[in-house]
Amino acid sequence: MVRPTQLLHPPRSLATVRPAATVLLLRDSTDPARPGIEVLMTRRSMTASFAPGAYVFPGGGIDAADAQAHGIATRRPTQSDLHLTQAIAAIRESYEELGVLLAHRADGMPVDDSDIATLDRKAPFAAQCQASGLTLDAAGVFVLAHWITDRDLPRRFDVPFLVARMPAGQQPVADEAEQFEPCWVRPADALERHQAGSFFIIFPTIRTLERLQAYATVQAVLDACARNDEPLWTSCPRAGITHGAESRHMEHEPPFGELAMVCPDGQIVHSLDWQHEQPVQLLKNVQRLTAPNPGFMTGPGTNSYIVGDPASGHIVIDPGPDEPGHIERLWRAAGGRIQAIVCTHSHPDHSPGAPRLQALCVAAGLEKPPILGLPSAPTSRENSRFTPERALADGEQLVLLGQSVDGMVSHTLEVVHTPGHAANHLCLALVEDGLLFTGDHILNGSTTVIDPPDGNMGAYLDSLDKLDALCVRHGIEFLLPAHGYVLGDLRRSADNPSAPAEGGARAAIAHLKAHRLAREAKVARAMQAVPDGSMDDWVKLAYDDVPDRLWPVAKRSLLAHVERIQSLGGFNLYCERP
């Protein structure tokens, strides 16, 4: 993990996370012109301590009495004690806030407004229900999602977002104390009104409504939740600054890993804007300067990284294209003290700037830094030829040492040869801080192109396994790609201890490998469906989920998959594999 001494922002204590529950009461639209799901929402008091004035789903804190009310609630066989308690809390909150009660009478009939009129919203809930012979319909309440309030907020909750079908024969009536203006709204309409500024909703509500749009009926939602009886997603978002305003991001969204590394305790200070004039300080010993070469293949541009500090000197990774302004900014960001220049591979947006950067050091009367990497293979394209001054060996370590006020400090980059995207591709692990500079082998926001003959899909997949083993050996949690933000899915934390132990970098690698193999399976099926087809025929089937304007590029990786499938015995044998 990152050394605390290298973090930019001092640690801080987070607010205590308190258990709560909220419920989405759903119904199917009765308007044939506007089919779909409707959800019951209500406006919070303007004096509320959390999200004042926001439109929300009914909910609140979990009481000790909720866990003691299991005996008066129905239960699914797969419903855990925790989920049952959460369901009871959600039922209680929907009754207290909106007068909606998910329950049935002793004769088995669902309660209606006449039954509810006999109850007192301010009296103890479970005791009233038991005295009236009512049974809570907790078996019909399912967990949709699990949200943990963002680390930066002063009030934090651990909240399951539950779903249930709105009972017939009941009308919501707000308590006019905590909640006001109950309304039924289609998810798309709520999002549209929020964008227009007339329907304020907070981040978890927005993301939940966005996902609800994928379901056509209430039953489809309930069936999806019942499949495993676990949340469909879990999130503790992180916040940064985009275009001068606060922005929040879930674990699967590109900025999340960078925010986790730079601001682990949720400080909202890190700008996510891509710019090319100034380096971005990621840690005290890591800077990123993005070359001004944005485009279809490069995204926001090629990331050059500067590792080290003034005491130890620096190593520059991927100086990028030979763009004079970018190279000079790199040199200045390192204060001219560059001990080595390393190119992850020979492609024209990564290595051509190395000689110019080296020349700047020499012209300033400083020691000439060596240009390191692996030489291009004979299979490389003409515009991707590169010969380093010294070839790096797999497993070699480049060490920077310096004397700081706290004593001797080291920054060790371990070289790992990762052919696949290019035959001479390598990655670098910053051992002391659990970081991996991945070049083009792993990107954030897209998958890298594997372009034969220099690219090889089999070698690429093998290299992913090699990187996974490296992550285990060095405890690597973050991936720093040549294009896009830092990657690191850190759901494994004190806020979410139940997340899988292979979180962080290993989760990203596993996801990428699974994606590649799923694509390869589609390629094999396309070849099987049209055995005499051409690359143009196969790309339409294997990449049918990709815009056709991207097919010319997709065909390059398609060829790499075809070659690997053929090496494994052809598409028939491939499709027959277990």
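**Figure 1. Helix H13 (residues 535-542) and helix H14 (residues 551-567) cross at roughly 100°, and their axes come within 10 Å.** This is a predicted model, in which local features need pLDDT of at least 70, side-chain atom pairs count only at pLDDT 80 or more, and totals for chains, interfaces and linings use all residues. Residues are numbered from 1 along each chain as its sequence is written, and side-chain values use heavy atoms, with hydrogens and water left out. Helices (H or I, at least four residues) and strands (E, at least two) are DSSP runs numbered from the N terminus. Axes are lines fitted to C-alpha atoms, for helices over the stretch in contact, and angles run from 0 to 180 degrees between N-to-C directions. On the H13 side, the contact (heavy atoms within 4.5 Å) is made by Met 535, Asp 536, Trp 538, Val 539, Lys 540 and Ala 542. H14 contributes Trp 551, Ala 554, Lys 555, Leu 558, Leu 559 and Val 562. By class, the residues of this contact are nine nonpolar, no polar and three charged. Ala, Val, Leu, Ile, Met, Phe, Trp, Tyr, Cys and Pro count as nonpolar, Asp, Glu, Lys and Arg as charged, and the others, Gly among them, as polar.

**Figure 2. Helix H11 (residues 457-474) and helix H12 (residues 505-529) cross at roughly 160°.** Two packed helices are described by the angle between their axes and the distance between the axes. Here the axes of H11 and H12 come within 9 Å, and the angle makes H11 roughly antiparallel to H12. The crossing of H11 past H12 is left-handed; a crossing is left-handed if the near helix is turned anticlockwise from the far one by less than a right angle, and right-handed if clockwise. From H11, the residues Met 457, Tyr 460, Leu 461, Leu 464, Asp 465, Leu 467, Asp 468, Cys 471 and Val 472 take part. They meet Ala 505, Arg 506, Ile 509, Leu 512, Lys 513, Arg 516, Leu 517 and Glu 520 of H12. The contact of H11 with H12 holds eleven nonpolar, no polar and six charged residues.

**Figure 3. Helix H9 (residues 324-333) packs against helix H10 (residues 354-363) at an angle of about 50°.** The two axes are 9 Å apart, and the angle makes H9 oblique to H10. The crossing of H9 and H10 is right-handed. Pro 324, Ile 327, Glu 328, Leu 330 and Trp 331 of H9 form the contact with Arg 356, Leu 357, Leu 360 and Cys 361 of H10. These residues comprise seven nonpolar, no polar and two charged. Within H9, His 326, Ile 327, Arg 329, Leu 330, Trp 331 and Ala 333 are buried; buried means under 20% relative accessible area, exposed over 50%, and partly exposed in between (1.4 Å probe, protein chains only). The cover over the buried residues of H9 includes H10, strand S14 (286-290), strand S15 (303-309), strand S16 (313-317) and strand S17 (338-342). Just after H9, Gly 335 takes a positive phi of about 60°.

**Figure 4. Leu 26 lies in strand S1 (residues 17-28).** Leu 26 is buried, with a relative accessible area of 0%. Its contacts, apart from neighbours within four places in sequence, are Ile 37, Glu 38, Val 39, Val 163, Ala 164, Arg 165, Met 166, Trp 184, Leu 212, Val 218 and Val 221. One of these, Val 163, stands 137 residues from Leu 26 in sequence and 7.2 Å from Leu 26 in space, C-alpha to C-alpha.

**Figure 5. Asp 433 is placed in the loop between strand S22 (426-430) and strand S23 (435-439).** With a relative accessibility of 0%, Asp 433 counts as buried. Asp 433 touches Met 1, Val 2, Arg 3, Gln 6 and Asn 285, not counting residues up to four places away in sequence.

**Figure 6. Ser 235 belongs to strand S10 (residues 233-235).** Ser 235 counts as buried at 0% relative accessibility. Leaving aside neighbours within four places in sequence, Ser 235 is in contact with His 146, Trp 147, Ile 148, Met 250 and Glu 251. In the chain as a whole, buried residues make up 55% of the 578 residues.

Terms used. Angles under 35 degrees count as roughly parallel, over 145 as roughly antiparallel, 65 to 115 as roughly perpendicular and the rest as oblique.
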